[in-house]
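Have the structure open as you read.

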Amino acid sequence: MQQTSTAVVARNDDGIVTVRIRAGARQSLSDAERNLSAALMECNGGRCPLLVDIREAVPLDRDVRRYYSGRVLGGFKAMALLVTANPLGRMIGNIYLHVANTGIPTRLFTDERSA
């Protein structure tokens, strides 16, 4: 497990790397770089499925949103984006999915068990 100032990153026994954005954390561009780097390190050089929990995250600033949406996440097999089960949470998740160029299969979820 790794902790950054804005996220907790861990790989579970099933090999899934989970990035949980801290409640109310405002991410800078350097935070985004650290979070992605920590997630890649948890894969130990392999390709892992990635779960990003943004249920308690605040909206991203433009440069951070661009960084995340422009990243090709080749170190991961697939990505599940976990959002709050309300219209705003789904809207934020759908906007990310619309502009993201992840290069891997990516889906939006409101339930962690389903993700």
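Beyond its neighbours within four places in sequence, Asp 31 is in contact (heavy atoms within 4.5 Å) with Ser 5, Thr 6 and Arg 26. This is a predicted model, where local features need pLDDT of at least 70, side-chain atom pairs count only at pLDDT 80 or more, and totals for chains, interfaces and linings use all residues. Residues are numbered from 1 along each chain as its sequence is written, and side-chain values use heavy atoms, with hydrogens and water left out.

Asp 31 belongs to helix H1, residues 29-42 (a DSSP run of H or I, at least four residues, numbered from the N terminus). The Asp 31 side chain reaches the backbone nitrogen of Ser 28 at 2.8 Å. Asp 31 has a relative accessible area of 7%, so the residue counts as buried (under 20%, with a 1.4 Å probe and protein chains only).

Strands E4 (48-53), E5 (76-82) and E6 (106-109) each supply at least two lining residues (strands are DSSP runs of E, at least two residues).

What about the cysteines? Cys 43 is buried because its relative accessibility is 3%, and Cys 48 is buried at 2%. Zero disulfides turn up in the whole structure (cysteine sulfur atoms within 2.5 Å).

Methods. Buried < 20%, exposed > 50% of the residue type's maximum accessible area, 1.4 Å probe, protein only. Polar contact = N/O pair within 3.5 Å; in protein donor to acceptor, adjacent residues only side chain to side chain.
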